[in-house]
Amino acid sequence: MRKRYSLAYNLAIFILAQIVWLALLGLWIYWYVSNYLIFEQVGEKVSPQIVIDTPDVFPFVGGIVLLVGLSFSMVLIFRNLNVQIRLTRLYDNFIANITHELKSPLSSIQLYLETLNTRNVSAEKQKEFISQMIKDTARLQKLISTILEISALESRKNKVNFEVYDSCEILNRLLKESAEQFRLKENTIGFKCLSSTKISIDINAFKMVIDNLIDNSIKYSTGELKINLIVKTSINKVEIHFSDNGVGISPEEQKNIFHKFYRIYDEDIPNVKGTGLGLYWVKEIIKNHRGKISVKSEGKGKGTTFIIELPVVKKPIKG
């Protein structure tokens, strides 16, 4: 509520400032025109000893230019202020999300350690606790690695290793590896290759793309998950259609989901965890592959389709 009020307050100040500048401009024009008209009417009738200076047009024009410049400056200031407010909101959301993501596994690890330290726990239970702590530690490690990887990706410091693969063969392989990693049922994922060609990709980076898209589908599905990946090839590009039957994405959300720290809130799935970096990371990886990604969804409850376009490679990309 505070942030909405802040934006409305800034907008009101901006509008008020523009009204003041326009009013001042109007008074400036009125002053010049009225003086000019008075001179035109009485200039020839007054005594020659009385010197009346004709209103100079240069200060008038200069004043208008200054006022217009001030008005334009106010527009720029307001625009930059809105950008800063939006960035502040994104970083606030990121801090809140990352804090939650860090706190949850740390609290779990602390609870297990305190239990082991204060109680006599059976060997079987100890093994269960240790196994869970290893999972929580891996979750923390993955989260930290993601943040570091994105930082390296943005600064182009990360090393890439592009190699040429058959598009259908490598995508089917990566899809199966991710399905095993997420322990999905065999009939959860479908793969169809309409036509194949050679593509040049960094296999580790592209595995992250598939992992993030599958993870996103799992998070935003309420019923039995179904994922389909279709590969199409034209003369100059390969199209990868990644579809799920999840909750869908509204048109308003679709233009924002690839922004850094942006997360979709759905009332049907209020406890979705994440940092808002997954799809941003996907977009940056695809961009590094000289491709692009877009999203389509018919609306709430109608699933989502991500369309990845990669160039048909005749020569390997040099990383």
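1. A word on the model first: it is predicted, so local features need pLDDT of at least 70 and side-chain atom pairs count only at pLDDT 80 or more, while totals for chains, interfaces and linings use all residues. Residues are numbered from 1 along each chain as its sequence is written, and side-chain values use heavy atoms, leaving out hydrogens and water.

2. Start with the open sheet, where five strands run in the order β2-β4-β5-β7-β6 with mixed pairing. Strands here are DSSP runs of E, at least two residues, and helices are runs of H or I, at least four, numbered from the N terminus; two strands pair if DSSP finds at least two bridges between them. At the edges sit β2 (189–193) and β6 (292–296), each pairing on one side only.

3. Inside the sheet, β5 (residues 237–244) and β7 (residues 304–311) are antiparallel partners over eight bridges. Asp-244 stands opposite Thr-304 in β7.

4. Next, look at α5 (residues 203–219), which lies across β2, β4 (227–233), β5 and β7 and runs at about 170 degrees to β7. Angles run from 0 to 180 degrees between N-to-C directions, using axes fitted to C-alpha atoms, for helices over the stretch in contact.

5. Helix α4 (residues 167–181) packs with α5 at about 55 degrees, their axes 9 Å apart. That angle makes α4 oblique to α5 (under 35 degrees is roughly parallel, over 145 roughly antiparallel, 65 to 115 roughly perpendicular, the rest oblique). The contact (heavy atoms within 4.5 Å) includes Leu-171 and Leu-174 of α4 and Phe-206 and Ile-210 of α5.
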